[in-house]
Amino acid sequence: MSIPTLTGAILSGGQATRMGGLDKGLVTLGKIPLYQHVLQRLQPQVSGVIISANRNIEEYQKSGYPVLSDSISGFKGPLAGILTVLEHSPTEWVLFAPCDTPFIPTHLAETLWAGRQGALAAYADDGERAHPTVALISKQLIQPLRNYLLGGDRKLMIFMSQQSAIPVRFHDDPRAFRNINTLDDAAQEAF
């Protein structure tokens, strides 16, 4: 099964409250910023990458990829970043991953595309929990997402349910979607 040309997106726009307000994407794991681990895994699966960030823009620009800040201000959470990337994506489909998932599968795009069952969005599920920020989303969801955010909602899983997004099971690596949420997580993670 061939998949269409995809744009990759790294979500680095959060406030990282569990990291004491540090920019999570720039916290290092094995001397490499977290977002760069994600970038290394996304690059072979996509035609280009967009980074969603709301601070330290110059630092993220050093990657050589476009960096976008949320187009709708005042909305916290990943949906604002997802909307902005979808609005600027040169491709119909965007493969999203948060900056704190350095072990995402190298077959993420292929598996999500194969499992989406014709839906306009599909997201990873490791069998224990859903990972809706690790997702493949069509630009056809721009207007529904904009309306959802402008209506004051921001819960990602509710939006995904409303859009009949498909959870796609990943069984092969229990560590694949592990989040690095704290500095202790980063320090303890064997790489």
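Tutor: Helices (H or I, at least four residues) and strands (E, at least two) are DSSP runs, numbered from the N terminus. This is a predicted model, where local features need pLDDT of at least 70, side-chain atom pairs count only at pLDDT 80 or more, and totals for chains, interfaces and linings use all residues. Residues are numbered from 1 along each chain as its sequence is written, and side-chain values use heavy atoms, with hydrogens and water left out.

Student: OK, so how many of the nine residues in β8 are buried?

Tutor: Eight of the nine, so to speak: strand β8, residues 130-138, is mostly covered.

Student: Which strands are joined to β8 by bridges?

Tutor: Strand β6 (residues 93-98) runs antiparallel to β8, with four bridges, and strand β7 (residues 121-125) is also antiparallel to β8, with five bridges. Two strands pair if DSSP finds at least two bridges between them. Leucine 95 has leucine 136 of β8 as its bridge partner, while alanine 124 has histidine 131.

Student: What sits between β7 and β8?

Tutor: Four residues, in a hairpin; glycine 127 in that turn has a positive phi of about 95°. The side chain of aspartate 125 reaches the backbone nitrogen of glycine 127 at 2.7 Å. That is a polar contact: N or O atoms within 3.5 Å, within protein one able to donate a hydrogen and the other to accept it, and residues adjacent in sequence counting only if both atoms are side-chain atoms.

Student: Is aspartate 125 buried or exposed?

Tutor: Aspartate 125 counts as buried because its relative accessibility is 16%. Leaving out residues up to four places away in sequence, aspartate 125 touches Ala130, Pro167, Val168, Arg169 and Phe170, contact being heavy atoms within 4.5 Å.

Student: Switching to helices: which residues of α4 are buried?

Tutor: In α4 (residues 108-115) they are Leu108, Ala109, Leu112, Trp113 and Gly115. Their cover includes β1 (6-11), β6, β7, β8 and β9 (166-169).

Student: And which residues touch the most other members in the largest nonpolar core?

Tutor: Ile10, Ile51, Leu95, Leu108 and Leu112, out of 32 residues. A nonpolar core is a set of buried Ala, Val, Leu, Ile, Met, Phe, Trp, Tyr and Cys residues joined through side-chain atoms within 4.5 Å. A second, separate core has 25 residues, including Ile82, Ala135, Leu141 and Phe159.

Note on methods. Buried means under 20% relative accessible area, exposed over 50%, partly exposed in between (1.4 Å probe, protein chains only).
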